[in-house]
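Morning, everyone. I have one structure for you today, and I'll keep it brisk. Please have a look at it first.

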Amino acid sequence: MNNEERFAGVDVSKAYLDLGVSPEGGVERFSNDEAGVTALIQRLLTLQPALVVLEATGGLETLLAASGRVAGLPLAVVNARQVRDFAKATGRLAKTDKLDALVLAHFAKAVRPEVRAGRTEAEQALVELVARRRQLVEMRAQERTRLAMAGSRQKQGLKEHIAWLDEHIARLDGDLKNRLRESDIWKTRVDLLQSAPGVGPVTMLTLLSYLPELGKLNRREIAALVGLAPFNRDSGFQRGRRRIWGGRAEVRSVLYMATLAATRGDNPIATFHRRLVEKGKPAKVALTAAMRKLLTSLNAMLKQNKPWSCPQIA
């Protein structure tokens with residue numbers, strides 16, 4: 001009897017879910033809808049893989065990831081870049097949905113990424129609201145740019161659309177505030193996060209929705225997850241600059257603005273940033289280090305359930 005562990009990879013596209021299984025090497029296709037996800041979950045429960053891996057694909061994987069976790073499957077959602085680098089390193093240069101599914105299965109077996117708890121239904125709803133708000137804000141900025149250059153015939157229509165966007169953004173802000181007030185857990189996290197310098201409503205909402213791991217990992221893990229952990233670039237006698245890469249762009253974007261605001265005040269982040277600049281660190285390096293300092297401080301606050309003013313936090 002063959003007791004070798006099975007590993008599964010699921011390539012997610014808008015229309016299909018392709019299931020690859022290692023070591024068998026077979027690939028099966030399911031539709032990416034309620035019926036297809038249900039059938040795929042049943043198939044995986046029959047196969048009993050040691051690990052199921054799928055890529056983060058901008059939300060197309062959400063239904064499968066949530067359903068799989070509810071069903072008790074050991075499921076990990078990974079960064080697409082990691083998988084593509086793995087494929088190149090192992091000589092798998094061709095790219096099709098079915099080949100990608102098998103690459104994901106081999107990646108699961110070789111790398112064994114950590115299985116983390118997925119978002120709750122309430123957290124997923126918050127993510128969707130924050131994402132929609134960001135879309136509308138970006139659309140409003142584009143319309144304002146067009147308004148400045150528009151002819152007289154177009155101005156009225158643009159003004160009406162901007163007013164409509166203002167109204168819907170305000171409505172979303174109200175919905176977000178109500179959701180946060182309804183949850184005792186979120187209210188506590190909101191109060192803690194808002195006690196930190198530079199952290200306003202947008203930063204706080206983005207952290208809650210796009211970084212549910214905040215307060216659950218150690219300082220190195222949370223920095224790496226967001227993409228603020230510097231990696232060495234050394235070879236032989238050559239010593240390259242340490243660089244950050246990967247991670248969650250949405251979180252880094254709001255942390256950048258929060259850190260920029262914090263460095264203009266009188267607080268430990270500003271002191272830390274100023275000290276680096278005085279030592280001759282390039283502006284970008286100093287600000288990135290300050291972003292990492294702010295992130296790890298926020299992580300400690302939620303982990304210890306203590307506000308920013310606590311001495312061991314800042």
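Let's start at helix α2. Its buried residues are covered by several elements, including β1 (7–12), β2, α1 (34–47), β4 (51–55) and β5 (75–78). Which residues of α2 are buried? In this helix, residues 62–70, they are L64, A65 and G68. They span an arc of only 100° around the axis, so they sit on the same side of α2. Just past the end of α2 comes G72, with a positive phi of about 85°.

Now step back for a moment. This is a predicted model. The protein has 314 residues, and 40% of them are buried. Its secondary structure comes to 12 helices and seven strands. The accessible surface is about 17,800 Å². Carbon and sulfur atoms hold 51% of that surface. What about contacts along the chain? Take those between residues at least 6 apart in sequence: 58% of them join residues at least 24 apart.

E61 lies in the loop between β4 and α2. Is E61 buried or exposed? Its relative accessible area is 11%, under the 20% cut-off, so E61 counts as buried. Leaving aside residues up to four places away in sequence, E61 touches V12, L54, E55, A56 and V77.

Next, the hairpin. Strand β2 covers residues 16–22, and β3 covers 27–31. The two run antiparallel, joined by five bridges. Four residues lie between the strands. G25, in that turn, has a positive phi of about 90°.

D18 pairs with R29, and their closest N and O atoms are 2.9 Å apart. D18 belongs to β2 and R29 to β3, 11 residues apart. How accessible is each partner? D18 is buried, at 0% relative accessibility. R29 is partly exposed, at 41%.

There are 11 salt bridges in the whole structure. R140 and D166 meet through their side chains, at 2.8 Å from N to O. That pair links helix α5 to helix α6, with R140 and D166 26 residues apart. R140 is buried, at 17% relative accessibility. D166 is partly exposed, with 30%. D166 also forms a salt bridge with R144, where the closest N and O atoms are 3.8 Å apart. R144 is in α5 too, 22 residues from D166. R144 is partly exposed, at 45%. Put together, R140, R144 and D166 are linked in a network of salt bridges.

Last topic: the nonpolar cores. The largest has 42 residues. Which of them touch the most other members? They are L193, L211, L214, L255 and L298. Several helices each supply at least two residues, among them α5 (121–149), α6 (152–182) and α10 (249–262). The largest share, seven residues, comes from α12. Look at L193 up close. Beyond residues up to four places away in sequence, its contacts include V199, M204, L214 and L298. There is also a second, separate core, with 18 residues. A8, L40, L44 and L64 are among them. And L64 brings us back to where we began: L64 is one of the buried residues of α2.

That's my tour. Questions, please.

Key:
Residues are numbered from 1 along each chain as its sequence is written. This is a predicted model: local features need pLDDT of at least 70, side-chain atom pairs count only at pLDDT 80 or more; totals for chains, interfaces and linings use all residues. Side-chain values use heavy atoms; hydrogens and water are left out. Two strands pair if DSSP finds at least two bridges between them. Buried means under 20% relative accessible area, exposed over 50%, partly exposed in between (1.4 Å probe, protein chains only). Contact means heavy atoms within 4.5 Å. Accessible areas come from the Shrake-Rupley method with a 1.4 Å probe; for residues, only the protein chains shown count as cover. The arc is that of the directions from the helix axis to the C-beta atoms. A nonpolar core is a set of buried Ala, Val, Leu, Ile, Met, Phe, Trp, Tyr and Cys residues joined through side-chain atoms within 4.5 Å. A salt bridge is a side-chain nitrogen of Lys or Arg within 4 Å of a carboxyl oxygen of Asp or Glu.
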